[in-house]
Amino acid sequence: MFYSEVSRAYILALMSLVATIGFFALDGTMAGFLTSSATAIGGPAIEVVLLWLSSHGWDSGYHYNDTGETGYLPLWACAVYFLGGPANGNLARFFWNLLTEEQVAKKAEPCPVCNDTRRVLCPNCDGVGAYEAMGGTTVNCTSCNGRGFVICRACFDQYDEDPYDIAAIREVVSKMPD
């Protein structure tokens with residue numbers, strides 16, 4: 001497009017739009033955004049180093065015909081790298097799932113305590129969500145916040161979570177339906 005005398009600003013805007021649409025179509029997650037951003041920064045940074053080495057005696061044959069706004073590469077390369085982020089993220093997920101399949105295969109039996117629901121009746125209020133305090137006053141249970149259940153600690157090791165991290169436990173429980 002540049003050799004057809006299309007302005008670099010227009011090419012950058014177009015490639016950024018394509019990268020944004022592609023990102024939301026292919027990923028759209030926060031982890032994907034972080035991966036895409038790291039790729040958009042890291043990829044061109046590595047290229048700049050390779051291009052600098054190539055221009056200072058390291059005969060790699062690596063070059064751009066259009067050195068763009070930076071003197072090394074055009075800025076639209078960042079948008080191209082950004083769109084490569086979902087591919088990198090999905091490839092990483094593929095290998096992660098491939099490598100952890102073995103662990104999933106080992107877990108054939110459901111948790112004997114909660115049957116893999118990850119929750120059990122609150123031992124403080126017996127699953128009611130409230131109890132009668134001294135003086136006959138009914139109060140919401142502070143252990144389960146009135147929900148009647150708490151997280152099962154028998155199967156914590158199957159989820160790679162710290163059973164002593166109260167903030168993380170509360171977050172997991174808050175996402176569980178009533």
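In which segment is the place of Ser4? Ser4 lies in the segment before helix 1 (8-26). Helices here are DSSP runs of H or I with at least four residues, strands are runs of E with at least two, and both are numbered from the N terminus. Ser4 counts as exposed because its relative accessibility is 60%. The cut-offs are these: buried is under 20% relative accessible area, exposed is over 50%, and partly exposed is in between, with a 1.4 Å probe and protein chains only. From Ser4 to Asn88 there are 84 residues in sequence and 31 Å in space, C-alpha to C-alpha.

This is a predicted model, in which local features need pLDDT of at least 70 and side-chain atom pairs count only at pLDDT 80 or more, while totals for chains, interfaces and linings use all residues. Residues are numbered from 1 along each chain as its sequence is written, and side-chain values use heavy atoms, with hydrogens and water left out.

Now take the whole chain. The protein chain holds 4 helices and 4 strands. From the N terminus on, their order is α-α-α-β-β-β-β-α. The radius of gyration of the protein chain is 27 Å, whereas a compact globule of 178 residues would have one near 16 Å. That radius is taken over C-alpha atoms, and the globule rule is 2.2 Å times the number of residues to the power 0.38. Along the principal axes, the C-alpha atoms fill a box of roughly 85 × 35 × 25 Å. Of the 178 residues, 24% count as buried.

Contacts and surface come next. Contact means heavy atoms within 4.5 Å. Among contacts in the protein chain with a separation of 6 or more, 55% are between residues 24 or more positions apart. The accessible surface of the protein chain is about 12200 Å², and carbon and sulfur atoms make up 62% of that surface. Accessible areas come from the Shrake-Rupley method with a 1.4 Å probe; for residues, only the protein chains shown count as cover.

Look at helix 3, where Leu83 is found. Leu83 is partly exposed, because its relative accessible area is 27%. Beyond its neighbours within four places in sequence, Leu83 is in contact with Val18, Ala19, Gly22, Phe23 and Leu26. Leu83 and Ala40 are 43 residues apart in sequence, yet 8.1 Å apart in space, C-alpha to C-alpha.

Two loop residues have positive phi. Arg118 sits in the loop between helix 3 (76-106) and strand 1 (119-121). Its phi is near 70°, a positive value in a residue other than glycine. Arg118 counts as buried because its relative accessibility is 14%. Asn145 is in the loop between strand 3 (138-140) and strand 4 (149-151). Asn145 is not a glycine either, and its phi is about 55°. Asn145 is exposed, because its relative accessible area is 59%.

How many disulfides are there? The count is 0, where a disulfide is a pair of cysteine sulfur atoms within 2.5 Å. Cys141 is in no disulfide, and its nearest cysteine sulfur, that of Cys122, is 3.7 Å away. Cys141 counts as buried because its relative accessibility is 1%. Cys144 is in no disulfide either; the nearest cysteine sulfur belongs to Cys125, 3.8 Å away. Cys144 is buried, since its relative accessible area is 5%.
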